[in-house]
Amino acid sequence: FHVARWFRHIEALLGSPCGKGQPCRLQASKGRRVQPQWSPPAGTQPCRLHLYNSLTRNKEVFIPQDGKKVTWYCCGPTVYDASHMGHARSYISFDILRRVLKDYFKFDVFYCMNITDIDDKIIKRARQNHLFEQYLEKRPEAAQLLEDVQAALKPFSVKLNETTDPDKKQMLERIQHEVQLATEPLEKAVQSRLTGEEVNSCVEVLLEEAKDLLSDWLDSTLGSDVTDNSIFSKLPKFWEGEFHRDMEALNVLPPDVLTRVSEYVPEIVNFVQKIVDNGYGYVSNGSVYFDTAKFASSEKHSYGKLVPEAVGDQKALQEGEGDLSISADRLSEKRSPNDFALWKASKPGEPSWPCPWGKGRPGWHIECSAMAGTLLGASMDIHGGGFDLRFPHHDNELAQSEAYFENDCWVRYFLHTGHLTIAGCKMSKSLKNFITIKDALKKHSARQLRLAFLMHSWKDTLDYSSNTMESALQYEKFLNEFFLNVKDILRAPVDITGQFEKWGEEEAELNKNFYDKKTAIHEALCDNVDTRTVMEEMRALVSQCNLYMAARKAMRKRPNRALLENIALYLTHMLKIFGAIEEESSLGFPVGGSGTSLNLESTVMPYLQVLSEFREGVRKIAREQKVPEVLQLSDALRDDILPELGVRFEDHEGLPTVVKLVDRNTLLKEREEKRQVEEEKRKKKEEAARRKQEQEAAKLAKMKIPPSEMFLSETDKYSKFDENGLPTHDAEGKELSKGQAKKVKKLFEAQEKLYKEYLQLPQNGSFQ
């Protein structure tokens with residue numbers, strides 16, 4: 001019976017028995033419930049990264065050529081002097097972009113950068129330094145030095161008169177003026193036949209002031225005699241080392257591969273040869289030039305892709321050729337003034353390498369093409385550089401590279417960082433606002449400089465000024481206070497289940513704002529890596545957290561630790577991506593020296609917490625037992641002793657003391673500012689007391705006067721008085737009008753009232 005029921009049940013589920021070769025299907029019996037059809041969510045369109053491409057002057061969707069791999073070439077420095085804030089503007093900005101693409105968008109970035117160690121500026125500076133050192137070794141006599149300075153001033157004056165650039169002219173005028181000022185004391189010393197020591201002192205001063213002047217003069221007369229190639233490699237090697245140290249100090253990541261022009265000369269020669277073979281280069285008097293007209297007339301090529309309106313700008317083209325390469329004979333070698341040197345025949349006093357066209361050296365533009373082409377191939381994803389390199393340097397790079405590869409896509413995305421100004425002015429030695437990276441790091445930390453850059457668009461002009469840096473300092477302080485407050489909340493003892501607290505409306509609202517801000521930050525990063533908007537969104541998120549914590553504090557309740565920890569960890573993660581947090585800090589800005597901060601905080605904080613709790617207990621007893629001396633010692637520990645150690649105790653009524661590890665200098669600065677505010681308050685209080693005392697003294701002096709005598713001294717107004725001392729006639733003898741009489745009587749009655757008050761004052765009253 002049961003077997004029969006079971007069989008009928010199965011038959012009802014499966015339907016009629018399956019025929020031969022027919023698959024059996026599970027079918028719902030009549031009236032049986034089945035799962036409803038499922039529909040996928042509509043979702044939202046994912047945000048895609050857009051970058052401002054100088055090739056189109058628009059924001060374009062970023063699409064690498066090979067999946068997630070990104071090939072990137074960045075123009076490096078010409079190393080002949082100290083790196084300055086203009087360099088920092090470019091390399092910090094590209095470091096931020098590189099980190100965002102690599103660590104946020106998860107691209108596999110291969111980053112290549114060059115070092116220009118063969119260049120007209122380097123050659124000239126190396127010769128000048130070498131010749132000036134030789135000059136110093138000869139220890140010229142005072143008379144000889146004066147004669148040489150006068151000889152050097154003649155061509156210098158001609159150069160000054162021919163200079164039209166106002167900044168350069170101002171710099172040359174300053175040099176001339178300072179040399180003349182330093183010359184006069186030495187001339188007087190020689191004429192007066194002063195002692196050797198006094199003359200030598202004047203010689204040292206003149207040598208220091210006339211260094212640039214004499215170096216230029218020595219180079220113009222003896223420069224062609226310098227033939228040792230090692231002289232030209234010593235200078236760039238030194239400044240390259242300084243550049244790398246500056247980049248490390250700024251927390252700029254090193255490139256994946258670094259190329260030096262001096263190490264790629266054979267590749268450059270081969271590159272130039274192929275351009276000639278392809279018909280876009282020509283040899284002239286041992287030099288090789290790029291034929292811009294031939295290239296521009298080709299159907300598959302375009303010249304001046306980045307700045308077409310600048311094509312033909314002879315000033316810019318000559319600056320690109322270099323000071324040693326714009327003589328009349330060099331310019332006459334070109335078929336067109338717009339053509340540029342791929343290879344330069346070396347003149348006496350210049351380094352040289354063998355090649356098919358005779359001894360020579362690379363042109364400026366060709367170096368990047370050859371080195372990038374060797375490493376990255378016929379087409380790269382990103383090429384970066386400063387805004388001022390667009391023409392002629394980058395336009396010429398594009399032309400010669402596409403002439404070599406016979407393509408039209410050597411660079412897919414060209415990124416150019418904005419200019420840097422100093423307090424609204426162009427940075428220039430002539431304006432005495434030339435700031436080296438080392439000088440900048442003496443005033444502000446690498447993080448503060450980076451925050452200033454993050455608060456501005458990478459492609460726009462950035463003004464390096466006191467206002468800019470003050471904004472960065474305030475932003476750093478604002479974030480740091482938030483991190484310290486969250487750390488204090490997380491240090492509060494709690495059992496494992498107490499870590500998870502019930503959420504109320506406030507937590508739900510803050511969490512919603514958190515996710516809204518994350519979305520806004522993602523959209524901003526997709527929009528040309530808009531770090532300025534990101535920083536504003538992060539500030540707004542922290543402000544919302546601060547309001548939440550303040551509300552919980554007002555209710556004497558602890559904030560939700562898990563929620564605040566998630567937000568703080570997210571902000572820490574973003575700051576690490578931007579390179580604003582250097583060390584391996586788990587949450588917030590690290591404290592103390594590099595590499596030791598995390599250990600410092602985890603090691604010291606338990607002891608500080610014990611000290612805080614002990615102090616709190618002592619203060620409670622001191623208040624109950626009314627022992628003010630102990631309270632004063634407790635305050636001195638908080639205000640005077642601990643700040644010297646980089647520790648801040650924050651006392652809050654009815655709540656535990658908040659313990660924070662803060663940079664010592666920051667705390668000392670805060671303490672000094674607090675003292676200045678308190679001193680200002682004290683002075684204002686003393687001034688108010690003094691004024692009050694003066695007013696009371698004046699009032700007392702007025703009260704002492706009997707009403708019958710108050711008008712008698714005013715002979716310039718009145719001439720006759722009645723028996724009570726009230727005036728009856730004015731100074732001219734005319735009887736007072738009714739209105740005047742009424743007025744003086746009113747004053748008399750008021751004084752009478754004051755005088756009665758005075759008489760009623762006790763002998764030791766408040767006015768005595």
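User: Does D165 count as buried, partly exposed or exposed, and what is its relative accessibility?

Analyst: In this predicted model, D165 lies in the loop between α4 (142-162) and α5 (166-191). Buried would require under 20% relative accessible area and exposed over 50%, with partly exposed in between. Because its relative accessibility is 31%, D165 counts as partly exposed.

User: How does H2 count, as buried or exposed?

Analyst: H2 is placed in helix α1, which covers residues 2-14. The class of exposed begins over 50% relative accessible area, and because H2 has 63% relative accessibility, H2 counts as exposed.

User: What distance separates the C-alpha atoms of H2 and I435?

Analyst: Along the chain, H2 and I435 are 433 residues apart. In the model, the separation of their C-alpha atoms is 98 Å.

User: How many helices and strands are there in the protein chain, and why is the chain described as more spread out than a compact globule?

Analyst: The protein chain holds 24 helices and 18 strands. For 768 residues the globule rule gives 27 Å, and the chain is more spread out than a compact globule because its radius of gyration is well over that value, at 41 Å.

User: What percentage of the residues in the protein chain is buried?

Analyst: The C-alpha trace spans about 140 × 125 × 60 Å along its principal axes. Of the 768 residues in the protein chain, the buried ones make up 44%.

Conventions. Residues numbered from 1 in each chain as written. Predicted model: local features only at pLDDT ≥ 70, side-chain atom pairs only at ≥ 80, totals over all residues. Heavy atoms only, no water. Helix = DSSP H or I, 4+ residues; strand = E, 2+ residues; numbered from the N terminus. Buried < 20%, exposed > 50% of the residue type's maximum accessible area, 1.4 Å probe, protein only. Rg over C-alpha atoms; globule rule 2.2 N^0.38 Å.
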